[in-house]
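Please open the model in your viewer and keep the selection tool at hand, as this tour moves from one selection to the next.

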Amino acid sequence: MSNHDHEANKRHLHSASSNRSGNHYLNIEYYGFRLTRRELLKVGVVSAATVAMTPTHAFGSSANATTPPPELARVTLNVNGESHQLDVDTRTTLLDALRENLHLTGTKKGCDHGQCGACTVIVDGRRINACLTLAVMQQDAEITTIEGLGKPDNLHPMQAAFIKHDGFQCGYCTPGQICSSVMVLKELEMGIPSHVTSDLNSPPQATAEEIRERMSGNICRCGAYSNILAAIEDVAGGQKS
């Protein structure tokens, strides 16, 4: 198309558009068709309805998406000194197995993404987030929850220290805090260093800095951190003596 023809078409389009207030035409002869505003709206509505009503498989899906049935597996969990055989969905987390199958609800579900530490339990002598491991991965493992650390009439020293120093407010994170605290002192006793351990040739000490670093994965929304630290230091001091 020559420049002369192109300019002529533009003038024609501009002229047609200027008539919209009078005859309500969206006169687009430049593109080869001509519609009124009403006709254009009708076409848009029909097109939208067609897309909404078209089955999914018409767009390339070979079959309707379906959720596969659960696959059950038998697992033996040794929890707080007792053996339990469970038939669980292979996708069940250890946290859900403890709470839903064994009804040990002391272990709390907080973020369910391993970020808050509320679900901390002790597995084979190590603290883990129960929401980040599957129940079937803990076959025959030795698991200790807050219920297994102590009873109301026979508290674990860490539980007693949390009460003494008011190391909790709402109490939701407290089970995970206590399980984690117990293992923090165990890690120090075993000489396991942390990011703030300055001398890797000497056993780490139960300093405030060490304890804060090691407890950083346990979140308390109430902000009872200073009292939690006091409770852990109290137990650490008792262990030293």
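## Cysteines, sheet and surface

Begin by selecting C220 and C173: in this predicted model, the closest cysteine sulfur to that of C220 belongs to C173 and lies 4.0 Å away, which is too far for a bond. C220 itself counts as buried, with a relative accessibility of 5%.

Select C222 and C170 next, where the sulfur of C222 has its closest cysteine sulfur in C170 at 3.7 Å, again too far for a bond. C222 counts as partly exposed, at 31% relative accessibility.

Now turn to the open sheet, whose 5 strands run in the order β4-β3-β7-β5-β6 with mixed pairing. Its edges are formed by β4 (82–89) and β6 (126–129), and because each has a single partner strand, one side of each is left without a neighbour in the sheet. From one strand to the next, the twist averages 40 degrees.

To look at one pairing in detail, select β5 (residues 120–123) together with β6, which pair in the antiparallel sense over 4 bridges. Within this selection, V121 is found opposite I128 in β6.

Key. Residues are numbered from 1 along each chain as its sequence is written. This is a predicted model: local features need pLDDT of at least 70, side-chain atom pairs count only at pLDDT 80 or more; totals for chains, interfaces and linings use all residues. Side-chain values use heavy atoms; hydrogens and water are left out. A disulfide is a pair of cysteine sulfur atoms within 2.5 Å. Buried means under 20% relative accessible area, exposed over 50%, partly exposed in between (1.4 Å probe, protein chains only). Two strands pair if DSSP finds at least two bridges between them. Helices (H or I, at least four residues) and strands (E, at least two) are DSSP runs, numbered from the N terminus. Axes are lines fitted to C-alpha atoms, for helices over the stretch in contact, and angles run from 0 to 180 degrees between N-to-C directions.
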